[in-house]
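Reader: I would like to go through the terms used for this model and see what each one rests on.
Author: Here is the structure.

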Amino acid sequence: MKILALALAVLFSHPCWAARTAFQARCEDSIDKAVSVLTSAQNGYTINNTVSLHGLTAMKPGRPNSFVLGLTRTESRMSIGLNGAMLKDPLSGYECVAPKITVSLFYSPIVVYVGREFSPGSCAYQEILAHEMRHLKTYLDHLPKVEVTVRAALSKRFDNKPLYAPAGRARALLQQEINTGWMTYIKNEMAKVELLQAAIDTPQEYARLSKVCKGEVQSLIRPAKRH
């Protein structure tokens with residue numbers, strides 16, 4: 001992963017520090033280690049049976065001449081905090097910082113929709129809900145995997161060592177790295193779940209759902225089509 005690689009190579013290292021200087025020793029021995037704290041949290045889900053087939057189809061356009069029977073919706077969210085101890089060295093004009101980066105990953109509340117035309121407990125309702133539960137499980141299973149991946153990447157990047165930069169610039173550079181690098185990286189990792197979701201919604205699965213329960217789904221769709 002390349003995150004401001006060139007700038008960081010220049011600004012967080014010093015060409016004269018092949019051997020450990022007194023300032024490096026003070027930084028490495030006296031301030032806290034760099035720490036990355038990463039957590040993920042599940043906020044649960046709700047089931048909504050109040051939206052019509054027309055409403056669900058409008059919420060997920062792109063399937064001409066067909067209705068959306070059920071839908072699982074959420075948004076990936078993250079928060080990133082930056083803190084950490086810092087020391088300055090007037091002789092070299094550098095400063096060191098042991099960053100503490102706190103990352104929280106979560107979904108906005110997940111809502112599972114089943115079209116209101118399907119009565120809870122009916123065969124068609126149960127089939128559609130079971131399909132949406134596969135989407136729900138995919139979201140819930142993906143978040144811990146992202147946590148593991150991002151934690152490993154953060155650990156590799158910061159490696160429990162202080163970072164060095166010209167005096168007055170360390171925090172700004174770290175914040176820039178977070179804003180332009182890590183936030184994009186984490187968003188991309190979170191977004192990979194949508195490929196898994198798309199793999200559930202195959203034409204074969206849609207065809208199966210349209211025929212379940214001895215035509216119950218089609219019998220309820222036909223009146224909706226007339227409206």
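Terms and the values behind them

Author: Ser210 is found in helix α7; helices are DSSP runs of H or I with at least four residues, strands are E runs of at least two, and both are numbered from the N terminus. This is a predicted model, in which local features need pLDDT of at least 70 and side-chain atom pairs pLDDT 80 or more, while totals for chains, interfaces and linings use all residues. Residues are numbered from 1 along each chain as its sequence is written, and side-chain values use heavy atoms, with hydrogens and water left out.

Reader: What makes a residue a contact of Ser210, leaving aside neighbours within four places in sequence?
Author: Contact means heavy atoms within 4.5 Å. With those neighbours set aside, Val217 and Gln218 are in contact with Ser210. Ala124 is 86 residues from Ser210 in sequence, and the C-alpha atoms of the two are 9.3 Å apart.

Reader: Why are α4 and α5 called roughly antiparallel?
Author: Their axes cross at roughly 150° and come within 10 Å. Axes are lines fitted to C-alpha atoms, for helices over the stretch in contact, and angles run from 0 to 180 degrees between N-to-C directions. Angles over 145 degrees count as roughly antiparallel, under 35 as roughly parallel, 65 to 115 as roughly perpendicular and the rest as oblique. α4 and α5 are therefore roughly antiparallel. Residues making the contact include His142 and Leu143 of α4 and Trp182 and Tyr185 of α5.

Reader: What classes of residue does the contact of α4 with α5 have?
Author: That contact has 11 nonpolar, two polar and three charged residues. Ala, Val, Leu, Ile, Met, Phe, Trp, Tyr, Cys and Pro count as nonpolar, Asp, Glu, Lys and Arg as charged, and the others, Gly among them, as polar.

Reader: What angle do α4 and α6 pack at, and why are they called roughly antiparallel?
Author: The angle is about 160°, with the axes 10 Å apart. α4 and α6 therefore also count as roughly antiparallel. His142 of α4 and Ile200 of α6 are among the residues making this contact. By class, the contact of α4 with α6 has four nonpolar, five polar and two charged residues.

Reader: Which helix gives the most to the lining of the largest pocket?
Author: α7 does, with seven residues. Other elements that each supply at least two lining residues include α4 and α6. The lining has 13 nonpolar, 11 polar and eight charged residues.
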